[in-house]
Amino acid sequence: MSTPLIPSPAGVYDVLVLGGGVSGSIAAIAAARTGARVLLVEEHGFLGGSLTAMGVGPMMSFHNPSGEQVVRGIPDELIGRLQARGASLGHIPDTTTYCSTVTPFDSEELKIELETMLTEDGGEILFHTQLAATELADHRLAAAVICNKAGLTPLRAKIFIDATGDADLAARAGVAFTYGRTADGLAQPMTMNLKLANVDTAAVRDYARRHPEDFLWSPVGQAEGLRRLASSPRLSLAGFLGAWKAARERGEIDVPRDQVLFFETPVSGVVIVNTSRIVGLNATDPFQLSRAEMIGRRQCSQIFHFLRQHAPGFAAAVRMDTAAKVGVRETRHVAGLYQITADDIMTSRAFDDAIALGGYPIDIHAPSSETTATTRLQPSARYQIPLRSLMVERPENLLVVGRCISATHEAAAAFRVSPIAMAIGQAGGVTAAEAAQRGVNPAQVPFAAIRERLLQQGAQLPSLETSARAATA
Ligand SMILES: Cc1cc2nc3c(=O)[nH]c(=O)nc-3n(C[C@H](O)[C@H](O)[C@H](O)COP(=O)(O)OP(=O)(O)OC[C@H]3O[C@@H](n4cnc5c(N)ncnc54)[C@H](O)[C@@H]3O)c2cc1C
């Protein structure tokens, strides 16, 4: 017997966003500000996705290696609003030296601020709701069939945005996708984030100053790292290399990773430990995802005990929690109208439909080993994200935002971070709202209108001359 469908709520939304991570939330806010009737659908009972459910932080980075800010617009407004509530320190020097800046935030306040921004612009939110199926008609998505406590309900909209991170909506609608690296199809590993309190960060700083050789520093170097350690209000470090290696050799740790990476939150002494590593599992397979949750929790227990016993400053650390969901860095990338490549990132290739900029390097946590491979950008790099990488051929009324847009494994390893994912979300929201209001598909909206609206909303875009050069190249 088939399950009966509950009737759709009255009317058709202009824009339906599936997935309330930061890219989906910012997409929904941007669409609502552009005048659309918006519904944001999320499987958890709060917004923020990776940054809340998966315990990720800080945001990194709004800046390129030289320190120029390349992400502004609604993402930067979000940080300003959090700062005004005492829930973020803003953009501060990254003491690991991996980036020029990091942006620590209070994850509980982030949940509230995203809800506030969306609802004050007239957007609606539906929590505790998963995608169950899609209805297609005439090369368009007619409805997303959702599943929640009320059963199965078809939700109708003029334009749909897939912000699930995993391209769930696109995949169910039959869109082709790529998964992982070309050589063996493996994606970046998962990580269970661990949150600790009562860390004596003054003692950690003191140890790092006396033993810089026990930490990893980027090419800008150890001296710069030590300078930032003295001045930055919060600590980020990758290291404890000697004790970690010894504990692994003694068999106390079976985490396939060569370092301990941790970041202090806005609350002094509370740190996020981003160190566990779960390799070779596919997060879009529910059974493999379930195994990853269990492996991640056990790894975090080992990491916690290691830190208390062997890491200066952590002797009295208290375990607050592991994240509600294991952290998923990478799964599907849709096959869109344009696939962003590593070459586009490394050369800051100019596009005549650029809708966002990025300055974060290609950062690949090895899919099958213990290392992390970084391909560094030029200091003044500002790579561009073209609108076509958010678009698929069919369904014609579907856009994709966030970490699952059309890109190779290597390119996605750069723009996947939250500031750039948010900037992409803003562009997706504006494009969807403009299309809904004009009664056309996203690909038919004049790009000048999208660019103008994004600039009105404060987004950072390349100059018109750069875009014109791309158009004639
Ligand atoms: C371990 C780890 C460490 C990281 N470290 C950093 C860092 O330090 N700094 C940084 O800036 N970035 C970091 N990142 C990357 C960054 O957090 C994410 O890539 C970025 O936030 C992606 O945002 P998103 O909105 O595209 O996707 P997500 O954050 O994954 O959001 C997707 C949302 O969709 C919802 N969803 C998914 N499927 C469905 C469905 N079928 N139905 C309904 N809802 C659904 C999810 O619940 C989630 O809320 C890290 C990521 C991981 C995993």
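Reader: Where is Pro395 found?

Author: This is a predicted model. Pro395 sits in the loop between β19 (383-386) and β20 (398-400).

Reader: What should I look for in the peptide bond from Arg394 to Pro395?

Author: Start with the general idea. Most peptide bonds are trans. Here, the bond from Arg394 to Pro395 is cis, with omega near 0 degrees. Now look at Gly57 and Pro58. A cis peptide bond joins them too, and omega is about -5 degrees. Pro58 belongs to the loop between β2 (38-41) and α2 (73-84).

Reader: Now phi. Is the value for Ala167 positive or negative?

Author: The general idea again: most residues other than glycine have a negative phi. In Ala167, phi is positive, near 55 degrees. Ala167 lies in the loop between β8 (151-162) and α4 (168-172).

Reader: Why does Ala167 count as buried?

Author: Count C-beta neighbours. The cut-off for buried is 20 or more other C-beta atoms within 10 Å. Ala167 has 29 C-beta neighbours inside 10 Å, so Ala167 counts as buried.

Reader: And what is phi of Asn198?

Author: Phi of Asn198 is near 65 degrees, a positive value in a residue other than glycine. Asn198 is in the loop between β10 (194-197) and α5 (201-210). Its surroundings can be counted as well. Asn198 has 14 other C-beta atoms within 10 Å, so Asn198 is partly exposed.

Reader: Let us turn to helix packing. At what angle do α11 and α12 pack?

Author: Two packed helices are described by the angle between their axes and the distance between the axes. Helix α11 (residues 418-438) and helix α12 (residues 447-456) pack at about 125 degrees, and their axes are 10 Å apart. That angle makes α11 oblique to α12. The crossing of α11 past α12 is right-handed.

Reader: Which residues in α11 and α12 meet?

Author: From α11 come Gln426, Ala427, Val430, Thr431 and Glu434. They meet Ala449, Ile450, Arg453 and Leu454 in α12. By class, this contact of α11 with α12 has five nonpolar, two polar and two charged residues.

Reader: Last, the whole chain. Which domains is the chain divided into?

Author: Domain 1 takes in 13-54 + 106-181 + 330-359 + 378-472, and domain 2 takes in 194-322.

Reader: How far apart do the C-alpha centres of domain 1 and domain 2 lie?

Author: The C-alpha centres of the two domains are 32 Å apart.

How values were computed: Residues numbered from 1 in each chain as written. Predicted model: local features only at pLDDT ≥ 70, side-chain atom pairs only at ≥ 80, totals over all residues. Domains from an automatic or database assignment. Axes fitted to C-alpha atoms, helices over the stretch in contact; angles between N-to-C directions. Helix = DSSP H or I, 4+ residues; strand = E, 2+ residues; numbered from the N terminus. Parallel < 35°, antiparallel > 145°, perpendicular 65-115°, else oblique. Left-handed = near helix turned anticlockwise from the far one by under 90°. Contact = placed C-beta atoms within 7 Å. Nonpolar A, V, L, I, M, F, W, Y, C, P; charged D, E, K, R; others polar. Buried ≥ 20, exposed ≤ 12 C-beta atoms within 10 Å, placed from the backbone.
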